[in-house]
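Me: Could you walk me through the model shown here? I'd like to go step by step, with the cut-offs spelled out.

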Amino acid sequence: MKNRSVPFFNYSHVFVSQEEQFLSIVQDVGRRGAFIMQKDLLDFERNLAEYTGAQYTLGVSNATDGLHIALRAAGIAPGDEVIFSSHTMAATAAAIHYASAVPVPAECGPDHLIDPKSVASLVTSKTKAIMPTQLNGRTCDMDALQALADEHDLLIIEDAAQALGSKFKGKMAGTFGLASAISFYPAKTLGCLGDGGAVLTNDPHMYEMMKLYRDHGRDEETGDVVIWGLNTRLDNLQAAILDYKLAQYDDEVNHRRGLAASYQERLGDVKELVLPPAPDSDPNHYDIFQNYEIEAERRDELKVYLKERGIGTLIQWGGKAVHQFEKLGFDVSLPYTERMFTRCLMLPMNRSLSNDDVAYVCAVIREFYGSN
Ligand SMILES: *Cc1c(COP(=O)(O)O)cnc(C)c1O
């Protein structure tokens with residue numbers, strides 16, 4: 001087998017793959033002096049609303065800030081508890097923390113998404129909301145979570161940072177709860193050239209409140225400052241780039257789903273591995289494969305073996321669930337999630353990856369397990 005280099009993610013590809021178009025967008029926006037909250041942002045927000053089916057969208061500086069202002073706009077108050085899946089970015093819990101609430105970590109299930117049974121066991125009289133992460137480009141079983149929310153009178157705020165375009169029962173991630181946030185970090189499926197994010201909601205009051213928080217608490221019409229706000233706006237230039245990329249987003253998703261099908265075909269019989277659900281293997285789920293996160297026996301050895309053969313992999317979040325970051329002060333054990341974190345590994349999954357790359361990665365993995 002001939003060695004080839006398969007980086008986990010190629011950041012410069014985000015730019016050079018469409019360099020000419022991006023440069024002309026920069027020129028166009030720059031010459032108009034359209035830097036903050038101009039037409040390009042409004043266009044992008046409208047197109048994003050149309051794509052997702054959300055009633056309202058707002059560009060924000062990043063998804064972390066988006067989650068923070070969504071929680072504040074929802075009226076989350078000091079002492080409130082918000083349940084989240086510990087298999088998520090620390091950002092999810094940080095947003096809860098900075099909204100003055102208590103982040104309560106829950107277990108994930110076999111598909112690596114929040115486990116509704118664990119959520120049910122964690123509800124107390126202080127619980128105000130569930131914040132599920134639509135992880136790896138897959139949407140949770142929102143029926144199960146909605147049933148819990150109805151039973152206990154809880155809000156749902158989705159961390160849909162990784163899930164633009166992903167669906168559960170035909171409905172898009174980010175449109176189930178009271179509000180949600182999506183990330184446009186460069187390595188996300190819809191990545192901009194820096195930080196960026198959006199919040200989505202179907203609730204007019206949430207929309208007005210999040211709009212105020214986004215822009216210094218200023219009333220758009222009067223200019224009056226009516227609440228203590230923040231500055232968490234999406235740059236108009238990034239919005240212009242995102243609007244251009246959103247128009248081709250179906251290609252991005254189809255490319256990733258094709259790669260996932262290829263991984264499945266080439267690795268489906270390797271008994272030392274657990275693969276993510278294959279595309280179209282469950283009619284309730286439409287996954288967009290932000291990540292291809294497997295579980296593997298002898299995971300750390302496999303990672304080294306792949307690295308020595310030119311293949312980049314990543315263990316999500318630096319190898320720990322949120323509750324395992326000791327200095328954040330959590331004092332819980334989540335055995336399922338902790339075991340999962342000794343086994344999980346993300347294989348390359350991105351726009352610059354070819355089918356030949358996937359074939360090579362899979363051949364090396366088969367060689368490692370002696371399953372040629
Ligand atoms: C990327 C990510 C975030 C944070 O998004 P930013 O736009 O970088 O703030 C939050 N949650 C999850 C699950 C993410 O993957």
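**Sheet, helices and cavity**

Reply: Happy to! Helices (H or I, at least four residues) and strands (E, at least two) are DSSP runs numbered from the N terminus, and angles run from 0 to 180 degrees between N-to-C directions, with axes fitted to C-alpha atoms, for helices over the stretch in contact. This is a predicted model, where local features need pLDDT of at least 70 and side-chain atom pairs pLDDT 80 or more, while totals for chains, interfaces and linings use all residues. Residues are numbered from 1 along each chain as its sequence is written, and side-chain values use heavy atoms, without hydrogens and water.

Me: In what order do the seven strands form the open sheet?

Reply: Two strands pair if DSSP finds at least two bridges between them. The pairing here is mixed, and strand E1 (56-60) and strand E3 (102-106) are the edges, each pairing on one side only. Neighbouring strands are turned by 25 degrees against each other on average, direction ignored. The order is E1-E9-E8-E5-E4-E2-E3.

Me: Which residue in E4 stands opposite Glu81?

Reply: Strand E2 (residues 81-85) and strand E4 (residues 127-131) pair in the parallel sense over four bridges. Opposite Glu81 stands Thr127.

Me: What angle does the direction of helix H5 make with that of E2?

Reply: Helix H5 (residues 90-98) packs on the sheet, touching E2, E3, E4 and strand E5 (155-159). The angle between H5 and E2 is about 175 degrees.

Me: Which residue in E5 is the bridge partner of Ala129?

Reply: E4 and E5 pair in the parallel sense over two bridges. E5 is mostly covered, with four of its five residues buried. The partner of Ala129 is Leu155.

Me: Which helix gives the most to the lining of the largest cavity?

Reply: A cavity is a set of points on a 1 Å grid over the protein atoms alone where a 1.4 Å probe fits but cannot get out, and lining residues have an atom within 4 Å of a point. The largest cavity is lined by Glu295, Tyr336, Arg339, Met340 and Arg343. With three residues, the top contributor is helix H12 (residues 335-340).

Definitions and conventions: On a 1 Å grid over the protein atoms alone, a cavity is a set of points where a 1.4 Å probe fits but cannot get out, and a pocket is an open set with protein on both sides within 12 Å along at least five of seven lines; lining residues have an atom within 4 Å of a point. Contact means heavy atoms within 4.5 Å. Buried means under 20% relative accessible area, exposed over 50%, partly exposed in between (1.4 Å probe, protein chains only).
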